[in-house]
Amino acid sequence: MYSKIGSLRDLHLAKEIKAKLEAEGLSCRIAPDPDIEDLFWIEVSPLEKAPYARVLFARSLGLIPKYDFEMGRSSSPRNNMGPVTKILLYTSIVTFCLQIYFQFYMGPMFFEKLFLYGKPTETILFESIKSMDLWRLFTPMFLHFGLMHILFNSLALKDFGAALEFSQGSKFVFWLTLLSALVTNTLQYCLTGPLFGGMSGVVYAFFGHFLGRQIMKRPSLVNIPKQGIIWLIIWFFATFLPGPIQLMANGAHLSGLLIGLLSGMGRFSWQERQRWCLSLMAVLTGFIILMLVEIYRLPVPLYFSQKSW
(Lines give C-alpha, C1' and ligand atoms only; values in the text may rest on other atoms or scores of the structure.)
Protein backbone atom coordinates (compact mmCIF):
# COMPACT_ATOMS: atom_id res chain seq x y z
CA MET A 1 0.00 0.00 0.00
CA TYR A 2 1.23 3.45 -0.96
CA SER A 3 0.31 6.72 0.70
CA LYS A 4 0.35 10.13 -0.98
CA ILE A 5 2.63 12.61 0.79
CA GLY A 6 2.61 15.58 -1.57
CA SER A 7 2.19 16.81 -5.12
CA LEU A 8 4.33 18.88 -7.51
CA ARG A 9 4.03 20.27 -11.01
CA ASP A 10 7.78 20.05 -11.58
CA LEU A 11 8.51 16.44 -12.59
CA HIS A 12 12.29 16.95 -12.30
CA LEU A 13 11.95 18.23 -8.73
CA ALA A 14 9.61 15.35 -7.92
CA LYS A 15 12.26 12.89 -9.11
CA GLU A 16 14.92 14.59 -6.95
CA ILE A 17 12.74 14.34 -3.84
CA LYS A 18 11.90 10.73 -4.72
CA ALA A 19 15.62 9.96 -4.82
CA LYS A 20 16.12 11.54 -1.39
CA LEU A 21 13.29 9.51 0.09
CA GLU A 22 14.63 6.32 -1.43
CA ALA A 23 18.00 7.09 0.11
CA GLU A 24 16.19 7.01 3.46
CA GLY A 25 15.06 3.45 2.76
CA LEU A 26 11.53 4.34 1.64
CA SER A 27 9.80 2.77 -1.33
CA CYS A 28 8.56 5.63 -3.54
CA ARG A 29 6.81 6.19 -6.81
CA ILE A 30 5.58 9.15 -8.82
CA ALA A 31 2.00 8.99 -10.07
CA PRO A 32 0.34 11.57 -12.35
CA ASP A 33 -2.90 13.05 -11.08
CA PRO A 34 -5.83 11.52 -12.97
CA ASP A 35 -7.77 14.80 -13.07
CA ILE A 36 -5.21 17.61 -13.17
CA GLU A 37 -2.79 17.82 -16.05
CA ASP A 38 0.96 18.18 -15.23
CA LEU A 39 0.44 17.42 -11.53
CA PHE A 40 2.46 14.60 -10.02
CA TRP A 41 1.93 12.86 -6.68
CA ILE A 42 4.76 11.35 -4.66
CA GLU A 43 3.66 8.18 -2.91
CA VAL A 44 5.58 6.18 -0.32
CA SER A 45 5.39 2.78 1.30
CA PRO A 46 5.01 1.43 3.98
CA LEU A 47 2.12 3.47 5.34
CA GLU A 48 3.61 3.86 8.83
CA LYS A 49 6.52 5.78 7.29
CA ALA A 50 4.24 8.33 5.64
CA PRO A 51 4.38 10.94 8.49
CA TYR A 52 8.17 10.87 8.44
CA ALA A 53 8.17 11.07 4.63
CA ARG A 54 5.86 14.10 4.72
CA VAL A 55 8.30 15.92 7.01
CA LEU A 56 11.18 15.16 4.65
CA PHE A 57 9.08 16.22 1.67
CA ALA A 58 8.19 19.55 3.27
CA ARG A 59 11.77 20.09 4.41
CA SER A 60 13.08 19.43 0.90
CA LEU A 61 10.88 22.30 -0.26
CA GLY A 62 12.01 24.56 2.59
CA LEU A 63 8.53 24.60 4.16
CA ILE A 64 9.54 23.35 7.61
CA PRO A 65 12.64 24.60 9.43
CA LYS A 66 14.90 22.07 11.09
CA TYR A 67 14.32 21.60 14.79
CA ASP A 68 16.83 23.85 16.52
CA PHE A 69 18.37 22.21 19.58
CA GLU A 70 19.83 25.52 20.70
CA MET A 71 16.43 27.11 21.42
CA GLY A 72 16.29 25.42 24.84
CA ARG A 73 12.52 24.90 24.87
CA SER A 74 11.07 22.32 27.24
CA SER A 75 9.92 20.20 24.32
CA SER A 76 13.42 20.10 22.88
CA PRO A 77 14.88 16.61 22.46
CA ARG A 78 18.00 18.04 24.04
CA ASN A 79 16.06 18.20 27.31
CA ASN A 80 14.06 15.02 26.63
CA MET A 81 16.57 12.33 25.77
CA GLY A 82 15.41 9.06 24.30
CA PRO A 83 15.63 5.82 26.29
CA VAL A 84 18.86 4.57 24.69
CA THR A 85 20.66 7.88 25.26
CA LYS A 86 19.47 7.93 28.88
CA ILE A 87 20.72 4.39 29.49
CA LEU A 88 24.13 5.19 28.00
CA LEU A 89 24.47 8.44 29.95
CA TYR A 90 23.25 7.21 33.32
CA THR A 91 25.20 3.95 33.10
CA SER A 92 28.38 5.90 32.39
CA ILE A 93 27.79 8.19 35.38
CA VAL A 94 26.97 5.32 37.75
CA THR A 95 30.01 3.37 36.53
CA PHE A 96 32.25 6.38 37.11
CA CYS A 97 30.94 6.76 40.66
CA LEU A 98 31.61 3.07 41.31
CA GLN A 99 35.11 3.47 39.93
CA ILE A 100 35.82 6.23 42.46
CA TYR A 101 34.25 4.28 45.31
CA PHE A 102 36.18 1.07 44.70
CA GLN A 103 39.40 2.94 43.99
CA PHE A 104 39.13 4.61 47.39
CA TYR A 105 38.27 1.47 49.36
CA MET A 106 39.80 -1.39 47.32
CA GLY A 107 42.68 0.21 45.45
CA PRO A 108 43.38 1.23 41.83
CA MET A 109 41.85 -0.77 38.97
CA PHE A 110 39.90 -3.13 41.26
CA PHE A 111 36.56 -2.31 39.64
CA GLU A 112 37.90 -1.43 36.18
CA LYS A 113 39.26 -4.95 35.66
CA LEU A 114 35.69 -6.18 35.26
CA PHE A 115 34.94 -3.71 32.44
CA LEU A 116 38.20 -3.56 30.50
CA TYR A 117 38.42 -5.25 27.09
CA GLY A 118 40.93 -7.69 28.54
CA LYS A 119 42.86 -8.36 31.71
CA PRO A 120 46.04 -6.25 32.07
CA THR A 121 48.02 -9.42 32.86
CA GLU A 122 46.93 -11.40 29.80
CA THR A 123 49.62 -13.08 27.72
CA ILE A 124 47.49 -14.19 24.77
CA LEU A 125 45.69 -11.86 22.38
CA PHE A 126 41.93 -11.77 23.07
CA GLU A 127 42.47 -14.07 26.04
CA SER A 128 39.47 -12.76 27.97
CA ILE A 129 37.19 -12.87 24.93
CA LYS A 130 38.26 -16.43 24.20
CA SER A 131 37.33 -17.22 27.82
CA MET A 132 33.77 -16.07 26.93
CA ASP A 133 33.93 -12.76 28.82
CA LEU A 134 31.92 -11.36 25.94
CA TRP A 135 30.61 -8.35 27.86
CA ARG A 136 34.11 -6.92 27.57
CA LEU A 137 33.50 -6.28 23.88
CA PHE A 138 31.21 -3.40 24.87
CA THR A 139 31.77 -2.38 28.51
CA PRO A 140 34.95 -0.29 28.02
CA MET A 141 32.70 2.50 26.71
CA PHE A 142 31.29 2.97 30.22
CA LEU A 143 34.72 3.46 31.85
CA HIS A 144 36.09 6.98 32.32
CA PHE A 145 39.38 8.04 33.83
CA GLY A 146 38.94 11.48 35.31
CA LEU A 147 36.28 14.12 35.84
CA MET A 148 36.98 15.98 32.59
CA HIS A 149 36.79 12.70 30.67
CA ILE A 150 33.31 11.82 31.92
CA LEU A 151 32.12 15.44 31.72
CA PHE A 152 33.17 15.95 28.10
CA ASN A 153 31.71 12.64 26.93
CA SER A 154 28.48 13.10 28.90
CA LEU A 155 27.80 16.55 27.44
CA ALA A 156 28.55 15.37 23.91
CA LEU A 157 26.44 12.23 24.36
CA LYS A 158 23.56 14.28 25.75
CA ASP A 159 23.50 16.50 22.66
CA PHE A 160 24.36 14.15 19.81
CA GLY A 161 22.67 11.08 21.27
CA ALA A 162 19.43 12.96 21.88
CA ALA A 163 19.54 14.51 18.40
CA LEU A 164 20.19 11.19 16.69
CA GLU A 165 17.53 9.34 18.66
CA PHE A 166 15.01 12.09 17.94
CA SER A 167 15.69 12.00 14.20
CA GLN A 168 16.40 8.30 13.57
CA GLY A 169 14.68 6.47 16.42
CA SER A 170 15.79 4.40 19.40
CA LYS A 171 16.30 1.19 17.44
CA PHE A 172 18.78 2.85 15.09
CA VAL A 173 20.72 4.40 17.98
CA PHE A 174 20.80 1.05 19.80
CA TRP A 175 22.33 -0.84 16.89
CA LEU A 176 24.71 1.96 15.96
CA THR A 177 25.90 2.04 19.58
CA LEU A 178 26.55 -1.70 19.65
CA LEU A 179 28.34 -1.68 16.30
CA SER A 180 30.49 1.35 17.05
CA ALA A 181 31.38 0.10 20.54
CA LEU A 182 32.35 -3.32 19.19
CA VAL A 183 34.53 -1.95 16.40
CA THR A 184 36.12 0.95 18.29
CA ASN A 185 36.94 -1.15 21.37
CA THR A 186 38.42 -3.96 19.30
CA LEU A 187 40.55 -1.64 17.18
CA GLN A 188 41.82 0.29 20.18
CA TYR A 189 42.65 -2.98 21.95
CA CYS A 190 44.71 -4.13 18.97
CA LEU A 191 46.58 -0.81 18.95
CA THR A 192 47.36 -0.19 22.62
CA GLY A 193 46.00 -3.07 24.70
CA PRO A 194 43.12 -3.28 27.18
CA LEU A 195 43.89 -0.19 29.29
CA PHE A 196 41.45 2.25 27.71
CA GLY A 197 37.86 3.35 28.11
CA GLY A 198 35.34 6.03 27.33
CA MET A 199 32.18 6.82 25.37
CA SER A 200 33.98 9.01 22.84
CA GLY A 201 34.09 6.33 20.12
CA VAL A 202 30.30 6.08 20.24
CA VAL A 203 29.94 9.86 20.42
CA TYR A 204 32.06 10.29 17.28
CA ALA A 205 29.90 7.67 15.56
CA PHE A 206 26.80 9.77 16.37
CA PHE A 207 28.56 12.91 15.17
CA GLY A 208 29.79 11.12 12.05
CA HIS A 209 26.25 10.12 11.13
CA PHE A 210 25.15 13.75 10.91
CA LEU A 211 28.33 14.61 9.03
CA GLY A 212 27.68 11.80 6.54
CA ARG A 213 24.19 13.11 5.88
CA GLN A 214 25.62 16.58 5.27
CA ILE A 215 28.15 15.15 2.81
CA MET A 216 25.33 13.53 0.83
CA LYS A 217 23.20 16.71 1.19
CA ARG A 218 20.32 14.82 2.76
CA PRO A 219 17.66 16.56 4.83
CA SER A 220 17.84 16.19 8.59
CA LEU A 221 15.12 16.63 11.19
CA VAL A 222 17.35 18.55 13.58
CA ASN A 223 20.03 21.19 13.86
CA ILE A 224 22.71 20.07 16.29
CA PRO A 225 24.52 22.68 18.42
CA LYS A 226 27.37 24.36 16.60
CA GLN A 227 29.40 24.58 19.80
CA GLY A 228 29.31 20.81 20.12
CA ILE A 229 30.47 20.34 16.54
CA ILE A 230 33.34 22.78 17.00
CA TRP A 231 34.49 21.15 20.24
CA LEU A 232 34.43 17.65 18.76
CA ILE A 233 36.44 18.73 15.72
CA ILE A 234 39.00 20.60 17.84
CA TRP A 235 39.34 17.69 20.24
CA PHE A 236 39.62 15.19 17.40
CA PHE A 237 42.66 16.88 15.87
CA ALA A 238 44.15 18.10 19.17
CA THR A 239 44.66 14.50 20.31
CA PHE A 240 47.11 14.02 17.44
CA LEU A 241 49.36 16.81 18.74
CA PRO A 242 52.27 16.24 21.13
CA GLY A 243 51.36 16.67 24.79
CA PRO A 244 49.39 14.99 27.57
CA ILE A 245 46.23 14.46 25.50
CA GLN A 246 48.10 12.50 22.84
CA LEU A 247 47.50 9.38 24.93
CA MET A 248 43.79 9.49 24.13
CA ALA A 249 42.20 6.53 22.31
CA ASN A 250 42.50 7.96 18.82
CA GLY A 251 41.91 4.57 17.24
CA ALA A 252 38.46 4.54 18.82
CA HIS A 253 37.79 8.13 17.71
CA LEU A 254 38.80 7.38 14.14
CA SER A 255 36.89 4.13 13.77
CA GLY A 256 33.80 5.57 15.47
CA LEU A 257 33.81 8.54 13.11
CA LEU A 258 34.20 6.20 10.12
CA ILE A 259 31.24 4.05 11.17
CA GLY A 260 29.10 7.13 11.73
CA LEU A 261 30.04 8.61 8.36
CA LEU A 262 29.16 5.40 6.55
CA SER A 263 25.83 5.12 8.38
CA GLY A 264 25.00 8.73 7.50
CA MET A 265 25.95 8.31 3.85
CA GLY A 266 23.90 5.10 3.80
CA ARG A 267 22.33 3.75 0.67
CA PHE A 268 22.39 5.90 -2.42
CA SER A 269 20.15 6.44 -5.40
CA TRP A 270 21.33 6.28 -9.00
CA GLN A 271 21.49 10.09 -9.13
CA GLU A 272 23.73 10.15 -6.05
CA ARG A 273 26.18 7.44 -7.17
CA GLN A 274 29.00 9.79 -8.19
CA ARG A 275 28.84 11.87 -5.02
CA TRP A 276 28.61 8.71 -2.90
CA CYS A 277 31.62 7.05 -4.54
CA LEU A 278 33.78 10.18 -4.34
CA SER A 279 32.75 10.75 -0.73
CA LEU A 280 33.53 7.14 0.18
CA MET A 281 36.98 7.37 -1.41
CA ALA A 282 37.70 10.61 0.48
CA VAL A 283 36.49 9.18 3.80
CA LEU A 284 38.50 5.97 3.48
CA THR A 285 41.62 7.85 2.35
CA GLY A 286 41.39 10.20 5.32
CA PHE A 287 40.86 7.27 7.68
CA ILE A 288 43.89 5.40 6.36
CA ILE A 289 46.15 8.47 6.52
CA LEU A 290 45.14 9.38 10.08
CA MET A 291 45.39 5.76 11.20
CA LEU A 292 48.95 5.56 9.84
CA VAL A 293 49.76 8.80 11.68
CA GLU A 294 48.36 7.32 14.89
CA ILE A 295 50.35 4.10 14.49
CA TYR A 296 53.53 6.09 13.79
CA ARG A 297 53.16 8.26 16.89
CA LEU A 298 52.45 5.42 19.33
CA PRO A 299 55.27 5.24 21.92
CA VAL A 300 55.26 1.40 21.92
CA PRO A 301 54.83 -1.28 19.23
CA LEU A 302 51.30 -2.29 18.29
CA TYR A 303 49.76 -4.40 21.03
CA PHE A 304 48.62 -7.22 18.76
CA SER A 305 52.20 -7.62 17.49
CA GLN A 306 53.46 -8.19 21.04
CA LYS A 307 51.08 -11.02 21.96
CA SER A 308 50.66 -14.54 20.67
CA TRP A 309 47.37 -15.91 19.42
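User: Which side chain does Glu294 meet in a polar contact?

Analyst: A polar contact is a pair of N or O atoms within 3.5 Å; within protein, one must be able to donate a hydrogen and the other to accept it, and residues adjacent in sequence count only if both atoms are side-chain atoms. Here the side chains of Glu294 and Asn250 are joined by one of 3.0 Å. This is a predicted model, where local features need pLDDT of at least 70, side-chain atom pairs count only at pLDDT 80 or more, and totals for chains, interfaces and linings use all residues. Residues are numbered from 1 along each chain as its sequence is written, and side-chain values use heavy atoms, leaving out hydrogens and water.

User: Is Glu294 buried or exposed?

Analyst: Buried means under 20% relative accessible area, exposed over 50%, and partly exposed in between (1.4 Å probe, protein chains only). Glu294 has 2% relative accessibility, so it counts as buried. Leaving aside neighbours within four places in sequence, Glu294 is in contact (heavy atoms within 4.5 Å) with Phe240, Met248, Asn250 and Gly251.

User: In what order do the three strands of the open sheet lie?

Analyst: Strands of a sheet pair through backbone hydrogen bonds, either parallel or antiparallel. Two strands pair if DSSP finds at least two bridges between them; strands are DSSP runs (E, at least two residues), numbered from the N terminus. In this open sheet the order is S1-S3-S2, with antiparallel pairing. Strands S1 (3-8) and S2 (27-32) are the edges, each pairing on one side only.

User: How many bridges join S2 to S3?

Analyst: Six bridges link S2 to S3 (residues 40-45). Arg29 stands opposite Glu43 in S3.

How values were computed. Helix = DSSP H or I, 4+ residues; strand = E, 2+ residues; numbered from the N terminus.
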